[in-house]
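I opened the notebook with the model on screen. I wanted to go through it piece by piece and write down what I looked up.

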Amino acid sequence: MHVSRSSSIVVVDFGAQYAQLIARRIREHHVYSEIVPNGIRYEELIERNPKGIILSGGPKSVNEVGAPRLDPRIFEMGIPILGICYGAQLIAAELGGVVEKNTKGEYGRIELLASDHGILLSHSPLNQNVWMSHFDAISKAPDGFKVIASTVNTPVAVMEDTTRGIYAVQYHPEVEHTEFGQQLLGNFLTDAVGADASWTSYSIIEESLNSLRSQIGSERVICALSGGVDSSVAAALVHEAVGEQLVCVFVDTGLMRSGEREAVEKTFRDQFKIQLVVVDASDRFFSLLEDVIDPEEKRKIIGTTFIRVFEEVAQEIEGAKYLVQGTLYPDVIESGTKDAAKIKSHHNVGGLPDDMNFDLVEPLRLLFKDEVRAIGEELGLAEKMVWRQPFPGPGLAVRIIGAVTPERVEILRQADAIVQEEIENAGLTRSLWQSFAVLPSIKSVGVMGDERTYAYPIVLRAVTSNDAMTADWARLPYELLESISSRVIAEVSGVNRVVYDITSKPPGTIEWE
């Protein structure tokens, strides 16, 4: 889904994982934003006709040889520009200021000291806490810029040239730790850009339906349906657009959660009356995953096998040309782009085979999870379905650390069912981004019924997050942890120990593989 509108904000990515977070924050103001690489040419940017431009942070120093730059003509377009961190330093370097290595870097929460509110700091205190992550700093602002804020170690923390409409901040307004970051972004959008706040669930749906009808035409299309939020909303959108041209396919890989297949059949076949084909391919997946330990190889095997199964099904559906997937923006960025390092391949992005016989339809590819949920509610999907916690496409295979076997999957499935039941009984499902069980393929000694045991541990993972780009481990009540542990050990054969993962993201990822 590509949206071309004069009210859009273009986020130029200089290699920061936070570029996606910037785009999401802009959309929270109901303004459409999209991300482009820093190598974008002036002519390409003109074609997009943006209302405003934001330059993201990045890992490089502007003084390094080969550091990413921006076509200098972009600064003369007359379009309001906001530089963040590296983007701010790039503005200074390109327009005649000075960027130097500080004697002391700034990382984490820092006090900002402002002499004036200017445009960016209006409706917020002159002194406030912001989130910094830099070593280089702007020591001299370019001519025409007014310095309105600094810190103890950064002489130019906020600067503005209202005549040219160019603004810069050394800190990160997009992260939650910056107290008035959303206010700053809102000030830029409203007072500097004059952006139209028309990016709503309704507008997303309307644009998606038009785009889907244009892409699919009269062709048949199949949807890779897992029963999760993303694929369910994607299926509902495509069904709204092309009706009976859509056939949903649920592949039972043997790696799903307890009751998954039955829930999918009840919801889509019985409730929504969507054509649904269920394929039991569990033996096939287990055979291909035998003795595979590397998580990237697991994902690629699962991604390729999914496609092969869909291709076989498509031959029985009058040669369906299109395949619908519930790919989201975080899936795309974590699978690696030109400017962001690959963290892990998602089975429906980096794990797809090169010789695939489908044209992909990905109506959610530019959306974040909160936007997808809002669309799902607008389309009338049940609240329980819309607010299901994310579940990895490769299923329980990437929650088993080591080789995947039917025995280990069944142990994990039973343990995970207990985790979900206890979390729901505690009323915490909506407040947690994800909560699940992990099975490391190791064994430890225990004592049960006065007898020595040698069995698997279960790792409990629960995190809070708004977008999956960052996450914090959840402070679950001790009573809940005790209940989960007691039940798992008592009810799941082959487990004698439960541990709790208290790692945030970063440095860890939410999933273990």
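In which helix do Arg-25 and Glu-28 both lie, and how many residues apart are they? I looked them up in this predicted model. Both are in helix α1, three residues apart, or about one turn of the helix.

**Entry: helix α1**

I checked the pair for a salt bridge. Arg-25 forms one with Glu-28, and the closest N and O atoms are 3.1 Å apart. I then looked at burial on each side. Arg-25 counts as buried because its relative accessibility is 6%. Glu-28 is partly exposed, at a relative accessible area of 31%.

I listed the buried ones: Ala-19, Gln-20, Leu-21, Ile-22, Ala-23, Arg-24, Arg-25, Ile-26 and Arg-27. The list includes the arginines Arg-24, Arg-25 and Arg-27. After α1 I noted His-30, which has a positive phi near 65°.

**Entry: whole chain**

I stepped back to the overall fold. I found 14 helices and 20 strands in the chain. The C-alpha trace spans about 75 × 65 × 40 Å along its principal axes. I compared the radius of gyration with the globule rule. For 513 residues a compact globule would have a value near 24 Å, and the chain's 25 Å agrees with that. Buried residues make up 58% of the 513. I also looked at contact range. Among contacts with a separation of 6 or more, 74% join residues 24 or more positions apart.

**Entry: nonpolar cores**

Which residues have the most contacts inside the largest nonpolar core? I got Ile-54, Leu-82, Tyr-171, Phe-188, Ile-222 and Phe-310, in a core of 122 residues. Helix α6 (residues 229–242) gives this core its largest share, nine residues. A second, separate core has 30 residues, including Leu-45, Tyr-86, Leu-95 and Ala-141. As background, nonpolar side chains in soluble globular proteins tend to be buried together.

**Entry: Ile-166**

I moved on to Ile-166, in strand β9 (residues 166–169). Its relative accessibility is 1%, so Ile-166 counts as buried. Its contacts, again without residues up to four places away, are Phe-75, Ile-81, Ile-91, Leu-95, Phe-145, Met-159, Glu-160 and Asp-161.

**Entry: Arg-373**

What is the nearest side chain of opposite charge to Arg-373, and how far away is it? I found Asp-230, at 7.1 Å. Arg-373 is buried yet has no salt bridge. It sits in helix α11 (residues 369–378). I looked for a polar partner instead. The backbone oxygen of Arg-388 lies 2.7 Å from a polar atom of the Arg-373 side chain. Beyond four places in sequence, Arg-373 touches Val-229, Val-386, Trp-387, Arg-388, Gln-389, Pro-390 and Trp-433.

**Entry: salt bridges**

I searched the whole structure and got 30 salt bridges. One network links Arg-41, Glu-43, Glu-44, Asp-71 and Arg-73.

I then followed Asp-280 to Arg-261, whose closest N and O atoms are 3.8 Å apart. This pair links distant parts of the chain: Asp-280 is in strand β12 (residues 276–280) and Arg-261 in helix α7 (residues 260–271), 19 residues apart. Asp-280 is partly exposed, with a relative accessible area of 48%. Arg-261 is also partly exposed, at 28%.

Last, I checked Asp-501 and Arg-461. Their side chains meet in a salt bridge at 3.4 Å, N to O. Asp-501 is in the segment after β20 (495–500) and Arg-461 is in strand β18 (residues 451–464), so the pair ties together parts 40 residues apart in sequence. Are these two buried or exposed? Asp-501 is buried, with a relative accessible area of 10%. Arg-461 counts as buried at 0% relative accessibility.

Conventions:
Residues are numbered from 1 along each chain as its sequence is written. This is a predicted model: local features need pLDDT of at least 70, side-chain atom pairs count only at pLDDT 80 or more; totals for chains, interfaces and linings use all residues. Side-chain values use heavy atoms; hydrogens and water are left out. A nonpolar core is a set of buried Ala, Val, Leu, Ile, Met, Phe, Trp, Tyr and Cys residues joined through side-chain atoms within 4.5 Å. Buried means under 20% relative accessible area, exposed over 50%, partly exposed in between (1.4 Å probe, protein chains only). Helices (H or I, at least four residues) and strands (E, at least two) are DSSP runs, numbered from the N terminus. Lys and Arg count as positive and Asp and Glu as negative; His and the chain ends are not counted. A salt bridge is a side-chain nitrogen of Lys or Arg within 4 Å of a carboxyl oxygen of Asp or Glu. A polar contact is a pair of N or O atoms within 3.5 Å; within protein, one must be able to donate a hydrogen and the other to accept it, and residues adjacent in sequence count only if both atoms are side-chain atoms. Contact means heavy atoms within 4.5 Å. The radius of gyration is taken over C-alpha atoms; the globule rule is 2.2 Å times the number of residues to the power 0.38.
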